[in-house]
Amino acid sequence: MRTFSRWLALAACVSGATAYADDNDLRISDFGDPNAADGSNAAANANFRAFARVMGAAITSANLMPPETTGHSAWAINAELSVVSLPDSVRIPTENVDQPSTVLIPSFHVRKGLPFSLELGGRVGWVEKSSQVVATGEVKWAVNEGFTWLPDVGVRGHVTKLFGARDLSLTVMGLDIGVGKQFPLGGMVTLTPYGGLDLGFVGATTSRLDFNPTRDYEDSLGDNSREALDGTANYSKVSFGDNVNQRIYGGVRFIGGVLQLGAELSLTRTGSVETPRADNPNALEDRGLPAVFAFSTTLGLDF
């Protein structure tokens, strides 16, 4: 029994360590109670929506592949790194009081060619200094590829989800149209410039948040059976159809034998959100959101 107690204590210590929050872990409740009686957080829902659109742009900031496919029997395996610039004017509620101006997202990307100019892919990335993971699934169809005098044209559908963010569900569904052209440099060496437009449909919801977590258990009990829910709320749902980001990207890929190198720049327009006016919270005004810039690189094998 004493041995069991020791193992139980060790498990408690380990689980306590895993609860440690890193600098870039998100604290969604920091936007404040949207239902505060004094109206001090009237813009909380709008701020959450602005955050969702910017964060959605950050986790979908890279293609790192031209519109052509790998070929029906080929594979591409890559290590990637995205450097994403986050705007200061949109609140990113992190554990660190000073929100980051840039964030690194290293990732691992695998693509597999299929017949009929189709390709399946998957990417798993990590948001630096956090416990958050980004996962993407994608399917691409090369409408036109491999012709001598015509550019390659591809259409890609993708779904990206952020995991590990407490109280937050953030998903981006996207449709990407790309154009590129492969140029032989000699032997098995090629250079492929490419560019395109990616539409990202952002959706986000939160769990029910407690905006007074320091209260005692006894304080949440009373004659009213719903008193335990006082000071709790959800932020308004961010719907896919009403929140569309527009990402313009351009890059170049180099292949020498089986070695693959690439670099890409992208700019994502995050649109605008309706925000209560400071002088009249019952009136709304459009708040333009800044663009999100990203630079991404890749190194891998194409075989």
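Reader: Which residue's charged end sits over the ring of Phe 163?

Author: That's Lys 161, with its charged end 5.9 Å from the ring centre. To count as sitting over a ring, NZ of Lys or CZ of Arg has to be within 6 Å of the ring centre and within 35 degrees of the ring normal. Before we go on, this is a predicted model: local features need pLDDT of at least 70 and side-chain atom pairs pLDDT 80 or more, while totals for chains, interfaces and linings use all residues. Residues are numbered from 1 along each chain as its sequence is written, and side-chain values use heavy atoms, leaving out hydrogens and water.

Reader: Okay. How many helices and strands does the chain have?

Author: There are 2 helices and 15 strands, taken as DSSP runs numbered from the N terminus (helices are H or I, at least four residues; strands are E, at least two). Of the 303 residues, 40% are buried, where buried means under 20% relative accessible area, exposed over 50%, and partly exposed in between (1.4 Å probe, protein chains only).

Reader: And how do I read a pair of aromatic rings?

Author: You look at the distance of the centres and the angle of the planes. Rings of Phe, Tyr and Trp (its six-membered ring) pair if their centres lie within 6.5 Å; planes under 30 degrees apart are stacked, over 60 edge-to-face, and the rest tilted. This structure holds 7 aromatic pairs. In one of them, Phe 31 and Tyr 235 have centres 6.0 Å apart and planes at 85°, so we call the pair edge-to-face. These two are 204 residues apart: Phe 31 is in the loop between α1 and α2, and Tyr 235 in the loop between β10 (232-233) and β11 (244-256). Both Phe 31 and Tyr 235 are buried.

Reader: Why is the pair of Phe 48 and Phe 51 called tilted?

Author: Their planes are at 35°, with the centres 6.3 Å apart, so the pair is tilted. Phe 48 and Phe 51 are both in helix α2, 3 residues apart, which is about one turn of the helix. Each of them is buried. Ring pairs also join Phe 31, Phe 48, Phe 51, Phe 211 and Tyr 235 into a cluster.

Reader: Which residues in the largest nonpolar core touch the most other members?

Author: In soluble globular proteins, nonpolar side chains tend to be buried together. Here the largest core has 35 residues, and Phe 48, Phe 51, Leu 162, Leu 168 and Leu 170 touch the most other members. (A core is a set of buried Ala, Val, Leu, Ile, Met, Phe, Trp, Tyr and Cys residues joined through side-chain atoms within 4.5 Å.) α2, β2 (102-114), β6, β8 (189-206) and β15 (292-302) each give at least two residues to this core, and the largest share, 9 residues, comes from α2. Beyond its neighbours within four places in sequence, Phe 51 has contacts (heavy atoms within 4.5 Å) that include Leu 26, Phe 31 and Leu 168.

Reader: What does the side chain of Asn 24 reach?

Author: It reaches the backbone oxygen of Glu 128, at 2.9 Å. Asn 24 lies in the loop between α1 (2-18) and α2 (44-58), and is buried with a relative accessible area of 9%. Setting aside residues up to four places away in sequence, Asn 24 touches several others, including Thr 94, Pro 100 and Val 103.

Reader: Is Leu 265 buried or exposed?

Author: Leu 265 is exposed, because its relative accessible area is 54%. You'll find Leu 265 in strand β12 (residues 259-269). Leu 265 and Thr 297 are 32 residues apart in sequence, with 9.1 Å between them in space, C-alpha to C-alpha.

Key: A polar contact is a pair of N or O atoms within 3.5 Å; within protein, one must be able to donate a hydrogen and the other to accept it, and residues adjacent in sequence count only if both atoms are side-chain atoms.
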